[in-house]
Amino acid sequence: MGDAPALTLYAESTWMSPWVFHVLVALEEKRLPYAVEVVPLPMPEAVRTRLREKTVLGKVPILVHGELWITESLAISEYLAERFPAPAHPRLFPADLGQRARARQLMSMLRTSLFALREERPTSTVFGRPTTQPLSERAQADAAELVRVASAVIQPGRLTLFDDWCIADTDLALTLMRLVANHDPVPEHVSAYALAQWGRPSVGKFVAHVPTMK
């Protein structure tokens with residue numbers, strides 16, 4: 001019993017959630033032992049009721065640590081960063097205050113915008129089969145904005161946003177992979193950044209969970 005992981009991640013059965021992806025990568029990068037509980041989709045009402053009782057919101061990802069149940073990917077990664085701080089554990093957020101604010105700014109933007117792009121380039125086209133469907137005008141506008149932002153924060157020749165990796169790299173890379181994986185136009189240095197992030201072992205841990213799409 002003493003060897004059982006103190007942390008449990010609740011994930012959805014399709015393994016397509018970008019927010020479950022965020023949390024699993026955070027746990028891997030923190031090098032923390034954890035167990036995984038898979039919640040079926042569509043979620044049975046009894047399961048939904050239980051999760052709401054535990055978390056209020058009742059949706060995945062959920063991190064359980066002892067008696068504490070937390071939802072929302074950013075809240076979870078913030079908790080992990082503070083509960084398991086550096087130097088005993090690798091950082092999730094930059095040590096520099098300004099860089100940390102920039103990382104949070106980017107992650108907030110990626111969660112609250114680009115809706116047409118996210119709809120037309122869902123994560124199933126990244127983790128599963130790409131699509132040949134052209135982007136609508138709205139999605140093209142989203143793609144242009146994403147590329148503009150990425151080009152402003154990713155310096156040519158750099159494979160991380162800052163001197164060291166941070167969890168914002170994971171979120172930005174996944175969003176960029178909505179374009180890269182589907183062969184939509186992306187500047188070469190931005191594509192190189194996204195693909196470098198995609199090669200991290202923590203990302204491979206998540207991808208290994210994704211069911212094979214036939």
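These legends describe close-up views of a helix and a pocket in a predicted model. Residues are numbered from 1 along each chain as its sequence is written, and side-chain values use heavy atoms, with hydrogens and water left out. Local features need pLDDT of at least 70 and side-chain atom pairs count only at pLDDT 80 or more, while totals for chains, interfaces and linings use all residues.

View 1. Helices are DSSP runs of H or I with at least four residues, numbered from the N terminus. Of the 13 residues of α1, 11 are buried (under 20% relative accessible area, 1.4 Å probe, protein chains only). Among them are Phe21, His22, Glu29 and Lys30.

View 2. At the N-terminal end, Ser17 caps α1, with a side-chain oxygen 3.1 Å from the backbone nitrogen of Trp19. Just after the helix, Arg31 has a positive phi of about 60°.

**View 3. The largest pocket.** Its volume is about 170 Å³. The lining includes Lys30, Glu78, Phe93 and Arg104. α3 (73-83) and α4 (97-112) each supply at least two lining residues; α3 gives the most, with three. By class, six lining residues are nonpolar, none is polar and six are charged.

Key:
Buried means under 20% relative accessible area, exposed over 50%, partly exposed in between (1.4 Å probe, protein chains only). A polar contact is a pair of N or O atoms within 3.5 Å; within protein, one must be able to donate a hydrogen and the other to accept it, and residues adjacent in sequence count only if both atoms are side-chain atoms. On a 1 Å grid over the protein atoms alone, a cavity is a set of points where a 1.4 Å probe fits but cannot get out, and a pocket is an open set with protein on both sides within 12 Å along at least five of seven lines; lining residues have an atom within 4 Å of a point. Grid points are joined across faces, edges and corners, and a volume is the space filled by probe spheres set on the points. Ala, Val, Leu, Ile, Met, Phe, Trp, Tyr, Cys and Pro count as nonpolar, Asp, Glu, Lys and Arg as charged, and the others, Gly among them, as polar.
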